[in-house]
Amino acid sequence: MHTSIVDTFNGLPLHVLVVHGAVVVTPLAAVAALALMRPSWRTRLRWPVALALIVAWLLVWLARASGEALQLAIKDQIAVNEAAVSALDRHITFADRLNYVLFVLVVVAVLFAWLLPKLPRAAGTVASVVIAVLAVLVIGLTAQTGDQGARTAWNPDGSQEYSVDQ
């Protein structure tokens, strides 16, 4: 059997470990990007925000790569469960969207950080609004991706009730 760096860690699927970092760091980096809306903070925060977004994208990339490895490892187990396959497909769709939008946000934020000293104030404001819109999309897609991933793992067909009757 072939294993790669994105398969397992200490016997556990790497995906279930890495997603925790992606789910925490990605929204935090996106919220930090919203701070660029404030003109007096832009100069100081532009590079830390760009770096935080790069780290977030790397975590999302690793989560996607390790998720693909996990999908291959369990493909025979889930193939018999149509609800699990459908739930996994939705999770992958959200993860792909998150990856693309976050990558665009990273590119825009790095360009913004690099070009900010040369930009007129109005252009900096427009760029920060674009960054804010992308950041809000990233926050929403992170929530959707994580929620669908949890549903895929714990309740793919929606039939399981986890609340305790009082």
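Trainee: In which helix is Asn-99 found?

Mentor: This is a predicted model, where local features need pLDDT of at least 70, side-chain atom pairs count only at pLDDT 80 or more, and totals for chains, interfaces and linings use all residues. Residues are numbered from 1 along each chain as its sequence is written, and side-chain values use heavy atoms, with hydrogens and water left out. Helices are DSSP runs (H or I, at least four residues), numbered from the N terminus. Asn-99 is in helix H3.

Trainee: Is Asn-99 buried or exposed?

Mentor: Buried means under 20% relative accessible area, exposed over 50%, and partly exposed in between (1.4 Å probe, protein chains only). Asn-99 has a relative accessibility of 7%, so it counts as buried.

Trainee: Which residues is Asn-99 in contact with, leaving aside its neighbours within four places in sequence?

Mentor: Contact means heavy atoms within 4.5 Å. The contacts of Asn-99 beyond four places are Trp-57, Val-60 and Arg-64.

Trainee: What is the angle between the planes of Trp-57 and Phe-103?

Mentor: Rings of Phe, Tyr and Trp (its six-membered ring) pair if their centres lie within 6.5 Å; planes under 30 degrees apart count as stacked, over 60 as edge-to-face and the rest as tilted. The count by this rule is 1 aromatic pair. Trp-57 and Phe-103 form this tilted pair, 5.4 Å centre to centre, and the angle between the planes is 55°.

Trainee: Which helices does the pair link?

Mentor: Trp-57 and Phe-103 are 46 residues apart, and the helices are H2 (residues 39-78) and H3 (residues 82-115).

Technical notes. Helices (H or I, at least four residues) and strands (E, at least two) are DSSP runs, numbered from the N terminus.
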